[in-house]
Amino acid sequence: MKKILLTLVATLMLCLGVNAQKQYIMKITKADGSTVELNADDVQDVTFLPIEEPIVNVPHHFDLTVTVGKQGGMGRDVTTIVQTRPSLTEGGVVDFKNVGAEINTEYTMETIIKGKYYYQVPVSADRFVKFQFKDNKVEVVKQRPFRENTYNYRQYTHAWLNDNTLIIMAANGDKNAIIWTKLNTDDMTIIEEGTLSISLAEGGWDSFTTSGVLAYRESDNKLFYFYYNKKGSGRTATKEDKFHVVVINAETMAVEQDNLCPFAAETAGSAYGELLQQTTFFDEQGNFYIAAFSDTSIGEEGKLLRIKKGEFNIDADYNGFPNSDGKLLTTQYLGNGKVFCYSRHDDKTLGTAIDSYAHYYSVVDMKAGTRTRMAFNGAEIPYSSGRFSQRSAVDRAAGKVFFGVNTETAQPQIYVYDIKSGSVSEGLKVSEGYYFEQIRLVED
């Protein structure tokens with residue numbers, strides 16, 4: 001975001017001089033070609049708003065992921081296929097028979113994507129890999145063996161400090177410490193690595209969150225790490241009621257604060273970071289948001305929590321996910337206060353399993369405090385299966401969201417949501433017999 005500084009106006013006034021006769025100090029050309037001239041008397045009434053940097057339409061394609069037999073994610077043993085498509089509106093039905101890269105023996109759906117490349121810890125859990133899909137095959141670009149810190153596949157979180165510095169973080173093998181590694185993604189060299197100076201909480205807590213969630217705030221060079229303490233392991237583990245918000249100096253990796261969320265809640269994706277689903281974003285003002293949920297007597301209540309610009313803990317008075325009817329799973333910011341969400345309806349008749357047809361898309365307007373479910377031709381789009389699926393990709397240059405459904409009674413379908421008009425149209429269909437998992441927008 002670029003801002004016009006009001007101090008420049010004061011400087012211009014001093015340079016040009018202001019006397020009894022009006023002297024114009026600024027001329028603004030409007031979009032229609034007309035001009036507005038401002039003089040010294042007008043300055044006190046002028047409000048300068050942030051100006052969006054132009055969105056560059058970078059050549060890109062889409063990678064579609066499906067599984068065979070059942071929905072995937074979270075280490076399920078399923079055949080996973082990735083196919084590259086130049087368009088999601090042209091080309092007929094997408095068929096994966098003998099077309100696509102089968103990845104589940106070496107790589108996972110849980111991955112990091114930036115620009116042209118994928119980054120991940122492969123199934124062998126011995127190195128970091130940078131790769132692409134070319135001609136529907138995996139092409140390894142660079143790889144780097146682990147040094148001191150070691151990571152398990154699909155069990156880590158990450159953040160980008162700049163275009164080529166990636167930080168990966170997770171609980172260690174014993175889950176009694178949080179380790180981190182900084183990578184130069186140009187050549188995949190390890191810049192540095194270490195362990196965070198946080199300890200398990202007193203009271204018998206014996207392990208950290210597997211991955212937690214990591215985010216980077218560029219404005220003050222701070223990392224935010226979200227975690228909680230546990231007793232036991234697996235689905236029967238006991239968890240802290242309130243998650244932690246750790247503030248870290250991104251240059252020195254020193255822990256500066258370890259705050260507790262002001263109320264009982266858990267962040268979405270704490271087992272796998274944002275490797276499967278996007279759960280965090282910043283708005284135009286620099287406020288940070290994260291998907292979370294709280295346990296209630298009727299199920300898991302989704303929340304969209306906020307850390308205000310310049311602050312260091314969750315805003316106790318804010319929830320941007322209105323009228324929650326279940327767990328919030330993904331959040332993708334569309335600009336102007338609007339968020340594209342994927343969530344689960346926690347109705348006992350629908351079920352809460354990975355394969356339950358209980359998941360749906362909506363758009364949240366944070367300014368208006370409303371949530372609108374996606375519909376096509378006047379009817380709400382039916383529920384999908386796939387709790388860990390992210391079948392949505394935002395094309396900011398085109399002003400579109402491409403999102404896919406995996407409903408119970410129809411073949412998988414891609415829809416196109418126009419951000420400006422709010423209209424929904426049909427895109428490609430996916431052949432029956434597959435479980436639709438992901439849409440990834442990747443630069444060419």
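Residues are numbered from 1 along each chain as its sequence is written, and side-chain values use heavy atoms, with hydrogens and water left out. Because the model is predicted, local features need pLDDT of at least 70 and side-chain atom pairs count only at pLDDT 80 or more, whereas totals for chains, interfaces and linings use all residues.

**View 1. The hairpin of strands S12 and S13.** Strand S12 (residues 178-184) and strand S13 (residues 189-195) run antiparallel and are joined by six bridges; strands here are DSSP runs of E with at least two residues, numbered from the N terminus, and two of them pair if DSSP finds at least two bridges between them.

**View 2. An open sheet of four strands.** The strands follow the order S15-S16-S19-S20, and their pairing is antiparallel. Strand S15 (213-217) and strand S20 (255-260) are the edge strands, each pairing on one side only, and the twist from one strand to the next averages 20° (an angle between N-to-C directions, on a scale from 0 to 180 degrees, of lines fitted to C-alpha atoms). S15 pairs with strand S16 (residues 222-227) over five bridges, and Leu214 has Tyr225 in S16 as its bridge partner.

**View 3. The surroundings of Gly100.** Gly100 lies in the loop between strand S4 (79-85) and strand S5 (101-102). Gly100 counts as partly exposed because its relative accessibility is 29%, a class between buried (under 20%) and exposed (over 50%), with a 1.4 Å probe and protein chains only. Leaving aside residues up to four places away in sequence, Gly100 touches Ile81, Val82, Gln83 and Asn136, where contact means heavy atoms within 4.5 Å. Thr80 is 20 residues from Gly100 in sequence, and their C-alpha atoms are 9.6 Å apart in space.

**View 4. The lining of the second largest pocket.** A pocket is an open set of points, on a 1 Å grid over the protein atoms alone, where a 1.4 Å probe fits, with protein on both sides within 12 Å along at least five of seven lines; lining residues have an atom within 4 Å of a point. This pocket is lined by 32 residues, and Met74, Arg235, Lys239, Ala271 and Arg387 lie nearest its centre. Strand S21 (266-267) and strand S23 (288-296) are the elements that give two or more residues to the lining.
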